[in-house]
Amino acid sequence: MAIEVKSVDELRLMRRAGLVVAEGLRAMCAAAVKGATTGDLDAIGREVLARAGARSSFLGYGAEYGAPFPAVACISVNEELVHGIPGERRLVDGDVVSIDFGAIVQGWHGDAARTVIVGPADPLDEALVDATRGAFWSGARAAVEGNRVSDVSKAIEGYVKGLPRRYGTLREYTGHGIGTEMHMAPDVPNWYRPRPTPRLRPGMAIAIEPMLTLGTHQTLELDDEWTVVSRDGARGSHWENTVAVTSGGAWVLTEPDGGASGLGDLFAPLAD
């Protein structure tokens, strides 16, 4: 499948969508406190979209397969790894909460995820979240002109393997291209496979999203047809951003600073 290459103006529209996503995640993460429900967090995401005049990338997704997603955010707690459906679940101290959120502005998507810990954190959980965030930035620094998609995967895998603790890396779920649709070519795995992959060039945009667990990579899908849990009950973490390839580097469209703090001299934004 052909990979969508955006114009400068189209990437700027994606940046607008990305900033809506960043604001929604900031607000939802701040509200992830003891006593809040996952449905409360989703309601905050809806408010952010409404204020921005944006549409949700997630609400109604999958309708063609018979199980449309019923919320604007995927909120996954502890052993729920991705695609958790918000509802009446009330958060308690120590919960590891992954929030995935998407927005559409003038037909262009932004998609990102963060993981936060409610109240006092177990050091193992803190290290897991730090590892997932670090894996994202390792992948993002490889998302530059001339590299291949597999270089992003190799950077993520290399980072995770270099950590002092072993983590499971989800294999059934990957990053992806993004633009006029939320999920597009190419797939962006979080592990390296020695095979030909597309070369990155300016105008491409990919969602890079490491998903790690404290156990193995094996997963199960619950009867709701959405929520993915770890087969061994281990807790997981998810960190994602939409990254645009630009001349000379990369631009993280869903970070308020565009990725300057994580990309260093590879930070190469277009004028907002």
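1. Rings of Phe, Tyr and Trp count as a pair if their centres lie within 6.5 Å, the six-membered ring being used for Trp. In this predicted model, such ring pairs link Tyr61, Phe69 and Trp226 into a cluster. The structure holds three aromatic pairs.

2. The rings of Phe69 and Trp226 have centres 5.2 Å apart and planes at 80°, so this pair is edge-to-face. The two residues are 157 residues apart in the chain. Phe69 lies in the loop between strand E1 (55-56) and strand E2 (73-77), and Trp226 in the loop between strand E11 (219-221) and strand E12 (228-230).

3. Both partners fall under the 20% cut-off for burial. Phe69 is buried at a relative accessible area of 2%, and Trp226 is buried at 14%.

4. Two arginines sit over aromatic rings. The charged end of Arg133 is over the ring of Trp239, 4.7 Å from its centre. The charged end of Arg165 is over the ring of Tyr167, 5.6 Å from its centre.

5. Helix H4 (residues 149-161) has 13 residues. From first C-alpha to last, H4 reaches 19 Å, close to the 18 Å expected at 1.5 Å a residue.

6. The buried residues of H4 are Val149, Ser150, Val152, Ser153, Ile156, Glu157 and Val160. Viewed down the axis of H4, these buried residues fall within an arc of 155°, so they line one face of the helix. An α-helix has 3.6 residues a turn, so residues three or four places apart point the same way.

Methods. Residues are numbered from 1 along each chain as its sequence is written. This is a predicted model: local features need pLDDT of at least 70, side-chain atom pairs count only at pLDDT 80 or more; totals for chains, interfaces and linings use all residues. Side-chain values use heavy atoms; hydrogens and water are left out. Rings of Phe, Tyr and Trp (its six-membered ring) pair if their centres lie within 6.5 Å; planes under 30 degrees apart count as stacked, over 60 as edge-to-face and the rest as tilted. Helices (H or I, at least four residues) and strands (E, at least two) are DSSP runs, numbered from the N terminus. Buried means under 20% relative accessible area, exposed over 50%, partly exposed in between (1.4 Å probe, protein chains only). A charge sits over a ring if NZ of Lys or CZ of Arg is within 6 Å of the ring centre and within 35 degrees of the ring normal. The expected span of a helix is 1.5 Å times one less than its number of residues. The arc is that of the directions from the helix axis to the C-beta atoms.
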